[in-house]
Amino acid sequence: MMKRWYIIAVVFLLPITTSGQNEYYFKDSSFSTGKNLIGGYHTSELVQIKVGDHLVPYSPYEIKEFGCKNGRVYISRGVPNGDSTRRVFMERLGTRGLTMYYYKQGWRRHFFIGKDSTSSIELPRHSRQNQRFDKQLVELMSSCPSAANAAKLVRYSRNSMAKLISRYNSCLSRPFPYFKYGITLGYELVKQVPLQQIADLNLLNFSYEGGFIVGIFLDEPIRTSDFSFHPEAYFSQQRISSAGVFGNMDVDYISTLSGIKLPLLLRYAYPSNKIRPFANAGGIFSYNVQNINHLYESIIINNRVNIADLGPFPLVDKMQFGYSFGGGVEYRLSYRRSIFLEVRYSSVSGVANPSSMSDSEVTFLAEINL
Amino acid sequence: MRYISLIFLIAISFFQIGCEKEAEVQPKDYPFVAIDKLDVMPNKYVAFHAKIAYGDTLELFDHGFIIYDITNHGYIISLGPLSKNQSEFNDTIYSGLVYGTKYYLKAYTKNAHYTVYSNAVFFANK
């Protein structure tokens, strides 16, 4: 009888409470809902419930189910504990079709999968037959090919599993967010912006000069969303030569820069299937391993030329920092592999000496994940 | 295989950095010359390297260097004609420098119209 009331309450009251962002809990045979019912801190072994002005801790033996303001639902369920069982609060991932239950004990994560809470089975990282969890998920989700492909990319984490279950239940064919790494190749156009303090430099016209770049990238989805943290490390080399004639004086500036650049970007990729437009922005750090700059002044009097080197001096800082933004498209070759084409603008200036020469850069990038 | 290709890529990149040629001055109608490297081993030798940027067709009938001491007393060492296609030269001085003395060195080039003196590089023979 009590179980029937519990089921009726879940079916009729749950949609109301969750859509209203209210919190709720089931305790014994009673159901309570309202705002600020559940304390901010809860684990697999306790939940704090507001009673009057106090927060009272309850165990999974006392509370059957509770729902938080953020829409997350936790259910009390028995898990094997040696020869007996013990109850823990598990978060329910997915509301219709296949459901996953998750709890964390210390650093260890536990997932259970099934059609409902009673028939679900544990999905360990490696089964007793040494089968990985993703292989088991691929088999379970074979009825939906896009979800089965996504299962090959899923991580043993709450957010990744929640995303996968939601994809399977709706059988949506969309790119699944996963960790990527690969090779970066490109062509970089660099224009140096001269120092105001050195008069000779201001006489020269600086134009964009090109050089090839090669490096690696990482792409880590943020909370399994379409946003990702996208750091890169690439080697770039630039040879800049600028000259000007001013009466009987020639001015020549040459700069050889080669080093490593580290853009640290936040990327958003639109979740379309074959071609995904993306945009990214963030900071960029440059370390110039080779940093040779000369500014020559040649005075011509009566066919005698006297050359003076106003350098070498640190016209360009060894370490530079700035901002970077760009956009492009990701062309998906398979569920796992993509090619990324991008145009990016960056501007960097000296870290130790902010008044040193700054660079403005336009970079054409091609990336492929391995 | 993925890791091997990544390591290969990084190795190539480092190699590229090591092999990077320096930027060069745009060619002139006079034989522009600049000393870009100096190696001093006190009381043993002084070696230098100079670059030339020259776009004219006139022959270079002389090149060499001038070495001055602190009192501005100098002497010229001529290395003779130079092919107009040559973009660099170097030389090493093994004798004639007094230990403990400061010097400066300039390279020079000559064609039919111009005599060009390079930037000065300073060193102490001690």
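Six residues of domain 1 of chain A are in contact with four residues of domain 2 of chain A, two residues being counted as in contact if their C-beta atoms, placed from the backbone, lie within 7 Å. On the domain 1 side of this boundary, the largest share, three residues, is supplied by helix H4 (residues 158-170) of chain A, helices (H or I, at least four residues) and strands (E, at least two) being DSSP runs numbered from the N terminus. The domain 1 residues that touch domain 2 of chain A divide into one nonpolar, three polar and two charged, where Ala, Val, Leu, Ile, Met, Phe, Trp, Tyr, Cys and Pro count as nonpolar, Asp, Glu, Lys and Arg as charged, and the others, Gly among them, as polar. The structure is a predicted model, in which local features need pLDDT of at least 70 and side-chain atom pairs count only at pLDDT 80 or more, whereas totals for chains, interfaces and linings use all residues. Residues are numbered from 1 along each chain as its sequence is written, and chains are lettered from A and ligands numbered from 1 in the order in which they are written.

Within chain A, domain 1 spans 2-170 and domain 2 spans 180-369, with bounds that come from an automatic or database domain assignment. The C-alpha centres of domain 1 and domain 2 of chain A lie 49 Å apart. The C-alpha atoms of A:Pro354 and A:Met141, which are 213 residues apart along the chain, are separated by 56 Å. A:Pro354 is found in the loop between strand E19 (338-350) and strand E20 (358-369) of chain A, and A:Pro354 is exposed because 11 other C-beta atoms lie within 10 Å; a residue is called buried if 20 or more other C-beta atoms lie within 10 Å of its own, exposed if 12 or fewer, and partly exposed in between, with C-beta atoms placed from the backbone.

Strand E6 (residues 63-67) of chain A is mostly covered, five of its five residues being buried. Four bridges join strand E1 (residues 23-27) of chain A to E6(A) in the antiparallel sense, with A:Tyr24 having A:Gly67 as its bridge partner; strands are taken to pair if DSSP finds at least two bridges between them. E6(A) also pairs with strand E7 (residues 73-81) of chain A, antiparallel and over three bridges, and here A:Phe66 stands opposite A:Tyr74. E6(A) and E7(A) form a hairpin with five residues between them, and A:Gly71 in the turn has a positive phi of about 90 degrees.

The largest nonpolar core has 37 residues, and those with the most contacts inside it are A:Met90, A:Met100, A:Tyr102, A:Met161 and A:Leu164; such a core is a set of buried Ala, Val, Leu, Ile, Met, Phe, Trp, Tyr and Cys residues joined through C-beta atoms within 7 Å. Another core, of 30 residues, lies apart from it and includes B:Ala23, B:Val25, B:Phe32 and B:Tyr114. When neighbours within four places in sequence are left aside, the contacts of A:Tyr102 include A:Met90, A:Glu91, A:Phe111, A:Arg158 and A:Met161.

Chain B contains one helix and eight strands, and buried residues make up 27% of its 126 residues. Of the contacts in chain B with a separation of 6 or more, 64% are accounted for by residues 24 or more positions apart. Three strands of chain B form an open antiparallel sheet in the order E1-E2-E5, in which E1 and strand E5 (88-93) are the edge strands, each pairing on one side only. Nine bridges join E1(B) to strand E2 (residues 45-53) of chain B in the antiparallel sense, and B:Met41 stands opposite B:Tyr45 in E2(B).

Between the chains, 25 residues of chain B are in contact with 29 residues of chain A. Helix H1 (2-18), strand E1 (32-41) and strand E7 (115-117) of chain B each supply at least two residues of the chain B side, the largest share, eight residues, coming from H1(B). The residues of chain B that touch chain A divide into 12 nonpolar, eight polar and five charged. Strand pairing also crosses between the chains: three bridges join strand E17 (residues 304-309) of chain A to E7(B) in the parallel sense, with B:Val116 as the bridge partner of A:Val305.
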